[in-house]
Amino acid sequence: FRENSVVLLKNGIAYYQSDAILEIMNLLPKPWKFLALLRFIPAGIRNLVYTLVARNRNKIGGVRLFCYRPTGIYADRMLP
């Protein structure tokens, strides 16, 4: 995986790229939870789509001048 990929650490297990996204979707309420069903698509295809979206995320979602940094009880969940 690349150093700028999403990584989710859940119950001592590290999830990377599309696996991390699907685990996050599974934690969200409906209707987002249903996207976790995409796990049935082979990981190679999912990660290819993940990489394409990651490379073009500024074109897809626009550019932000700042990053969200959680505070309070959520601050310890983010890596520096």
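The model is predicted; local features need pLDDT of at least 70, side-chain atom pairs count only at pLDDT 80 or more, and totals for chains, interfaces and linings use all residues. Residues are numbered from 1 along each chain as its sequence is written, and side-chain values use heavy atoms, with hydrogens and water left out. Lys10, Glu23 and Arg39 are linked in a network of salt bridges, and a salt bridge also joins Arg46 to Asp19.

**Confidence**

- The chain has an average pLDDT (the predictor's confidence in each residue, from 0 to 100) of 83, and 92% of the residues score at least 70.
- Confidence is highest in strand β2, at a mean of 92, and lowest in helix α3 (residues 57-61), at 74.
- Helices (H or I, at least four residues) and strands (E, at least two) are DSSP runs, numbered from the N terminus.
- Where pLDDT is low, the predicted coordinates should not be read in detail.

- Strands β1 (residues 7-10) and β2 (residues 13-16) run antiparallel and are joined by 4 bridges; two strands pair if DSSP finds at least two bridges between them.
- Leu9 has Ala14 of β2 as its bridge partner.
- The two strands form a hairpin with 2 residues between them, and Asn11 in the turn has a positive phi of about 55°.

**Helix α2**

- Helix α2 spans residues 43-55, 13 residues in total, and reaches 18 Å from its first C-alpha to its last, close to the 18 Å expected at 1.5 Å a residue; the expected span is 1.5 Å times one less than the number of residues.
- Its buried residues are Arg46, Tyr50 and Thr51, where buried means under 20% relative accessible area, exposed over 50% and partly exposed in between (1.4 Å probe, protein chains only).
- These residues cover an arc of only 135° around the axis, which puts them on the same side of α2; the arc is that of the directions from the helix axis to the C-beta atoms.
- On the other side of α2, the exposed residues are Gly44, Leu48 and Arg55.
- Helix α1 (17-27) is included in what covers the buried residues of α2, with contact meaning heavy atoms within 4.5 Å.

**Salt bridges**

- The count comes to 3 salt bridges, each defined as a side-chain nitrogen of Lys or Arg within 4 Å of a carboxyl oxygen of Asp or Glu.
- Lys10 and Glu23 meet through their side chains at 2.9 Å, N to O; Lys10 lies in strand β1 and Glu23 in helix α1, so this pair ties together parts that are 13 residues apart in sequence.
- Lys10 is partly exposed at 23% relative accessibility, whereas Glu23 is buried at 9%.
- Arg39 and Glu23 also form a salt bridge, at 3.0 Å, N to O; Arg39 belongs to the loop between α1 and α2 and Glu23 to helix α1, so the pair links parts that are 16 residues apart in sequence.
- Arg39 is partly exposed, with a relative accessible area of 32%.
- In the salt bridge between Arg46 and Asp19, the closest N and O atoms are 2.3 Å apart; Arg46 lies in helix α2 and Asp19 in helix α1, so the pair ties together parts that are 27 residues apart in sequence.
- Arg46 is buried, with a relative accessible area of 10%, and Asp19 is partly exposed at 26%.
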